[in-house]
Every structure is written in C-alpha cells, then in structure tokens.
Amino acid sequence: MRINELRPTEENIRNTYLNDTIGRNREVNAFVDILNTLENSCAIALDGVWGSGKTFFVQQVKMILDACCRDSEDVDKQRVKQKWTTMHQGKEPEFQTQLCVYYDAWENDNDEDPVLSLVYSILQDVDAESPFEKESGIFDKGAAIAECLSGRNVTAVVESLKSKDALTDLRKKKQIQAEVKSFFDELLVERADRLVIIVDELDRCKPEYAVRLLERVKHYFADDRISFVFSTNIKELQHTISKFYGEGFDAVRYFDRFFDLRLTLPPVDMDSYLRSISFDKQYVVDRVCYELIKQYGLSMRESSRFIQDVKLAVYEPTHGSHKYNFCFPDGKEELFGLMYIVPLLIALKITDEKPYNQFVAGENAAPLVGLLCDTQMRDDWSYSDFLSQDEYYDTKQPVGSKTKCVTLKQKITDIYEAIFGNHYSYQNRAITIGEYQFTAKTKERLLRAASGLSVYAKYD
C-alpha cells in the first residue's frame, strides 16, 4: 500500500518550487526578500496550523538562500537560482551573503540545553555545505561554549573535534554550550555576513524545552548578524507555554518578548496540491471527498490522510468494480452510504471527535444535510430517488398524482434518521424512503466500512 503524501524530501522541496506545485512560490519569494533586507537582529514567527506545510515553506526558503547567496556548480542549485531569476523578470539575485541553518526543535527536545543543540546543528549544517578545515578555530569556540555554560572541562574534547571525523565525535559528545558571540564571530568571518536560523516544530516540544529554547535564544543569540525564523503553530505554542507557567498566564504578551515580526502562512492552492498527490475527481466518491476537503478546510496533511483512509475503506465498490452487485433495494442504500456517508464519517473523525460522536449517535443531521444540499453534489445523484410516488420537491411543479410537497433538506434528514436513529423493532425491521430501504444493519455496515476493516477494504 502506497501512502500518497507530499513529504518534505529534498527532491519534493526542490521540484515543488521549480513547478510551483502548491501555488506558494510568490509567498516563499516574498519571505526570502524580507530576510534579505534585514540589517539587524530579528525574530520572525511564521504561524500556521499543523499540517499546513510550514516545514515545506521554510525548507524552500533555506533552499533558495543556499542557492542564491553564493556561487555553486551544483546543477540543482543552479536550477533553483534560475527559477528565482525567472520569477524576478530575469533580474539576477542580489543577496547578502547569508548562511541558513534548519533546526528541528521537536527532534532535539531531549537534549539538556538548546544552546548546545543549536550550535551542534549549525556546525553540522554548515560543514555539510562546505567542510571546515581541521585547524579551524570554530571547534575551539564550540568547546569554549560547553565549558563556559556547563562548568565541565572539555579541553580533552578539542583534539577529537579536530580529528578526521570531527562531526561524528561531536555527535557522540555534544559538548558545546556558551561563548556564543565568539563562536559566531569565528563562523561568520569565515563564511558569511549574516546567519539565518530556522527553528521548526517548537509547538510540538515539551513545555520545559520550548520555554528554555526561547529564553536561551533571547539571552545568548542577541546579535545584529543573526535572524531567527520560528515556524510554529502560535495557538498550540500558547498552550505549551501556559502549561509551563500555569493557567491564567498571558502567553500572548509573553511572545512579544521574543518575536519582532509575526506572519501567517498563506493557504496552499489545494487543487494544485491534490493533483500533485495524484488525486482526481473522476468518480463520484472522489468528488464527494473534494467537497468535504473544502467544507472542512482540511490541511495538506489532513487531506492526504483523508483521501488515503477513504481509498482504503471503499475504493473497490466506488470505482467501477464488478465484484459487487448493488442492484437490489438495500444494495442501492449500501452504495449510497459507501459513496457519501463513509467519506463523511472519516472526515468528521479526522477533524473533531465531538461532532463525529453526535453524528453517529443520531443527534445531528447537519453534516449530511450540508454535504448533500451542496449544489456541486446534485449532479452526481438522482435525488428524485428519495421521493415516494406522491411526493415532489418544493423547487419543482407538481406533476400528475404528486400531491405532497417536501424539501430536499427534509428528505436528507429522513435518510439520516433511518440510518442513525433508533427506530427499529421486531415489527418494524425496515424503513423505506423512495427507492431506498434501510434496516438496523445499515448503520453497522457503514461504520464497519469507515473503519477500513470491512469486506470492502483494499490494502494493495
């Protein structure tokens, strides 16, 4: 089984920028322009909900800075630089000489001190681009940081830092922590005029580590040559900070101490993104999924998961397979449920457990009414099949023996009640609505299908 998701691999990050796959190139370039104009210390908070593509965005920013801030014979970097030039009307990039480092805070939140972890990441990232000389003073500065902050004597470590495999030894010992200004003096004199440090996933960190990282950055990294970009979900980070300091703590004003500029991640072009993960709208169930993605505002990650879950649950019976026969009264009801209700159940489960529970308990028909009353859905299903022989919709003129006027909302609510209401007994084993026949088993079959473990599930 292949998971269709646009993961932030080096290839995907590059190709997504070169082809503007998710429609964010203009915003990525604008953010790079902001970084390129900074002349003093600045901390930028880039706010976005989980799954909205923050990592993709900041990794593309780093990729552009790496490609445009210095000459390189690397073919991929030249392609990125050419894309930048094309999007700027053929004007060659004029960048400050900048180093850009990416730091995953969540991946490192078991470290004892964020300063140690950050310095290590800077050394690792910069060395990967352009290896340090064995006798470079940068390792001595790193050792001095550790000795100053930890109180441990790390003189014996210095020689290992200068060894042939210095970064391997550094990874084992991670003995770096304090004279930060001296460290950056050494680093920037050798490599660039400015340093951009991207801190990602801070909102996912343990509260103690998140607070310590912000405080350490404030105290030890105040340098006019350094810009910080915090890619985070501000709402979730507020919860994290409040957990540390206690309920009632004003986390919003607390952030004012650290962030000089707050920007909001723009939405992706969802149509472009869905095409990039090979999703199309050829079948009814696919169009249902597309409408639910729009109605519930699913993020990129949520959309990928949602499409995958629906595909796993009901792909075969909803994509033209001749394996199943639905040409009988409760079969027609079953196919309707697989195409419409199962995707809705999965979407509700992903977005919010409370509405899902209310829907399944027969307490709220609104999600189904909202989906089926959508004008985009009306071309995919014969809503006249919901009507009894004497009924007609209020949007039509009565014909012949049709004397009872009903609304589409009313019929959809009736169907919802027939599936999720508790109306069945020994005497009343089935409910017929138009050409559909529902039983006490209907709900059970649909919930089983939505679980991905029914007879309809397909894993290959």
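Predicted model: local features only at pLDDT ≥ 70, side-chain atom pairs only at ≥ 80, totals over all residues.
A pocket is an open set of grid points with protein on both sides within 12 Å along at least five of seven lines.

**View 1. The largest pocket and its centre.** This pocket has a volume of about 1,100 Å³. Its lining consists of 42 residues. Pro 8, Ile 13, Thr 55, Gln 59 and Tyr 102 lie nearest the centre of the largest pocket.

**View 2. Helices and a strand around the largest pocket.** At least two lining residues come from each of helix H1 (10-18), helix H3 (54-68), helix H4 (75-87), strand E2 (98-104), helix H5 (114-129) and helix H15 (300-318). The largest share belongs to H3, which supplies eight residues of the lining.

**View 3. Residue classes in the lining of the largest pocket.**

**View 4. Helices and residue classes around the second largest pocket.** Helix H14 (284-295) and H15 each contribute at least two residues to this lining. H15 gives the most, with six residues; H15 also supplies at least two residues of the lining of the largest pocket. By class, the lining of the second largest pocket comprises eight nonpolar, six polar and three charged residues.

Conventions: Residues numbered from 1 in each chain as written. Heavy atoms only, no water. 1 Å grid on protein atoms, 1.4 Å probe; cavity = no way out; pocket = protein on both sides within 12 Å on 5 of 7 lines; lining within 4 Å. Points joined across faces, edges and corners; volume = space filled by probe spheres on them. Helix = DSSP H or I, 4+ residues; strand = E, 2+ residues; numbered from the N terminus. Nonpolar A, V, L, I, M, F, W, Y, C, P; charged D, E, K, R; others polar.
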